[in-house]
Amino acid sequence: MKDFLSSYSNQIIIALLIINMILFIALLIQSVKNKNLKRRFLALVKNDDFKTIEEILRETNEKIEYFEEVLKALHKSHRVLSENSKLNIKKLGVVRYDAFENVGSKLSFAIALLDEYDNGVVLNSIYSRDGSSIYAKPIENGLSKYPLSAEEMQAIDLARKNYLAKEIKE
């Protein structure tokens, strides 16, 4: 064994120096990686108030909980507004017609103003050479307890059809 060591001692020393150099280079690479990791970590936890990550996460969770409550309140408000909006006038039908043969240009008209449940009013304006008269009839569920003219019924049907066509497009 002494003969082996003495005859190959130069090669063994060179091999150990090469291994030592490789390990030194690996150490430098790891040091640079560690420095980059440390820089990224400090950037992550850096804040002006010197808060810990735990405090930052707690504050963030509190904000999330607050906004979840706000979102629930907005959702409830939206539901109430949606229900209330069903009572607004949403359906409109207008029919122009000649009430009398001696008066042209279709100056008489019937207008149906209905909510989502077909409740509302139908207005009928009858124009003649002597003047104009307007009549209003309440509508409940698409029907009136007063007799409706053909033009008034046509205005109600037109209001319903226009609303359905609008819903289908959306």
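Is aspartate 118 buried or exposed at 14% relative accessibility? Keep that residue in mind; the tour comes back to it.

**Before you click**

This is a predicted model, in which local features need pLDDT of at least 70 and side-chain atom pairs count only at pLDDT 80 or more, while totals for chains, interfaces and linings use all residues. Numbering starts from 1 along each chain as its sequence is written, and side-chain values use heavy atoms, with hydrogens and water left out.

Colour by pLDDT (the predictor's confidence in each residue, from 0 to 100). The chain averages 88, and 92% of its residues reach 70 or more. Confidence is highest in β2, at 95, and lowest in α3, at a mean of 83. Helices (H or I, at least four residues) and strands (E, at least two) are DSSP runs, numbered from the N terminus.

**Stop 1: the two domains**

Select 1–83 for domain 1 and 88–168 for domain 2; these bounds come from an automatic or database domain assignment.

**Stop 2**

Now go to aspartate 3, which lies in helix α1 (residues 2–45). Aspartate 3 is exposed, with a relative accessible area of 62%; the scale is buried under 20%, exposed over 50% and partly exposed in between, using a 1.4 Å probe and protein chains only. Draw a line from its C-alpha to that of valine 70, 67 residues along the chain: 86 Å.

Next, select 12–32. An unreviewed UniProt entry annotates these residues as "transmembrane region"; positions are given in the numbering used here, feature names are shortened, and annotations may be inferred rather than shown by experiment. In the model this stretch is 100% helix and 0% strand, with its end C-alpha atoms 30 Å apart.

**Stop 3: an aromatic pair**

Show tyrosine 66 and phenylalanine 67. Their rings are edge-to-face, 5.2 Å centre to centre with 65° between the planes. The rule here takes rings of Phe, Tyr and Trp (its six-membered ring) with centres within 6.5 Å, calling planes under 30 degrees apart stacked, over 60 edge-to-face and the rest tilted. By that rule the count is one aromatic pair. Both tyrosine 66 and phenylalanine 67 are exposed.

**Stop 4: the core**

Select Val95, Tyr97, Ala110, Ala112, Leu114, Val122, Ile139, Ala155, Ile156 and Ala159: these ten residues are the largest nonpolar core. Such a core is a set of buried Ala, Val, Leu, Ile, Met, Phe, Trp, Tyr and Cys residues joined through side-chain atoms within 4.5 Å. β1 (91–97), β2 (108–114) and α3 (150–169) each supply at least two of its residues.

Zoom in on leucine 114. Beyond four places in sequence, its contacts (heavy atoms within 4.5 Å) include Ile139, Ile156 and Ala159, along with Asn88 and Gly120.

**Stop 5: the loops**

In the loop between β1 and β2, pick aspartate 98. Aspartate 98 is partly exposed at 38% relative accessibility and, leaving aside neighbours within four places, touches Val103, Gly104, Ser105, Lys106 and Leu107. Its C-alpha is 22 Å from that of tyrosine 146.

Lysine 106 is in the loop between β1 and β2 too. Most residues other than glycine have a negative phi. Lysine 106 has a positive phi of about 50°, and is partly exposed at 45%.

Finally, back to aspartate 118, in the loop between β2 and β3 (120–128). Its phi is also positive, near 65°, and at 14% relative accessibility aspartate 118 counts as buried.
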